[in-house]
Amino acid sequence: QSAQRKEQLFTSSGCVAQAWRKGGPRQARLSRLLAGVEEKALSSENSQWIGQLCGASGVSDVVDAHVAHLARQGDTIVTSDPDDIRRLLQTRRIEVDFELC
């Protein structure tokens with residue numbers, strides 16, 4: 001009998017919005033994937049901090065900054081473009097793994 005790892009999967013609601021805009025059959029696959037993922041909203045509690053993170057890192061993409069805000073030391077981030085998120089995390093002094101998709 002093998003032990004299963006329980007990991008919390010979450011994403012930024014901004015990531016969902018960006019992925020959803022492409023339409024077509026891709027949305028059905030995305031919908032199935034998101035069934036097991038907690039969606040975290042950009043909120044009044046974190047928006048100013050995220051803006052400050054953008055300013056401190058020189059990155060203008062607030063969705064990437066929201067992902068960087070959600071990340072914790074040792075997390076794995078799945079993305080097709082890790083460059084800005086990496087810069088944001090360097091500003092936060094957080095180390096994560098990246099899985100390219």
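Here is a short tour of this structure, stop by stop, for your viewer.

**Before you start**

This is a predicted model, in which local features need pLDDT of at least 70 and side-chain atom pairs count only at pLDDT 80 or more, while totals for chains, interfaces and linings use all residues. Residues are numbered from 1 along each chain as its sequence is written, and side-chain values use heavy atoms, with hydrogens and water left out.

**The whole chain**

Show the protein chain as a cartoon and you'll see five helices and four strands. Helices (H or I, at least four residues) and strands (E, at least two) are DSSP runs, numbered from the N terminus. Follow the sequence and the pattern goes β-α-α-β-α-α-β-α-β. The C-alpha trace spans about 45 × 40 × 25 Å along its principal axes. The chain has 101 residues, and 29% of them count as buried. Buried means under 20% relative accessible area, exposed means over 50%, and partly exposed is in between (1.4 Å probe, protein chains only). Take contacts, meaning heavy atoms within 4.5 Å: among those between residues at least 6 apart in sequence, 44% join residues at least 24 apart.

**Stop 1**

Axes here are lines fitted to C-alpha atoms, for helices over the stretch in contact, with angles running from 0 to 180 degrees between N-to-C directions.

The classes are simple: Ala, Val, Leu, Ile, Met, Phe, Trp, Tyr, Cys and Pro are nonpolar, Asp, Glu, Lys and Arg are charged, and the others, Gly among them, are polar. Click on S31, in helix 2; with 40% relative accessibility, S31 counts as partly exposed.

**Stop 2: across to helices 3 and 5**

From S31, jump 60 residues along the chain to T91, where the C-alpha atoms of the two are separated by 33 Å. Next, select helix 3 (residues 47-57) and helix 5 (residues 83-92), whose axes come within 9 Å and cross at roughly 100°. Helix 3 and helix 5 are therefore roughly perpendicular to each other. On the helix 3 side you'll find W49, L53, C54, A56 and S57, which meet R87, L88, T91 and R92 in helix 5. This contact has five nonpolar, two polar and two charged residues.

**Stop 3: H69**

Pick H69 in helix 4 (residues 62-70). Is H69 buried or exposed? With 18% relative accessibility, H69 counts as buried. Leaving out residues up to four places away in sequence, H69 touches N46, W49, I50 and R92.

**Stop 4: R93**

Move to R93, in the loop between helix 5 and strand 4 (97-100). Phi of R93 is near 60°, a positive value in a residue other than glycine. R93 is exposed, with a relative accessible area of 74%.

**Last stop: F10 and K40**

Finish by selecting K40, which lies over the face of F10, at 5.1 Å from the ring centre. A charge sits over a ring if NZ of Lys or CZ of Arg is within 6 Å of the ring centre and within 35 degrees of the ring normal.

Note on methods
Parallel < 35°, antiparallel > 145°, perpendicular 65-115°, else oblique.
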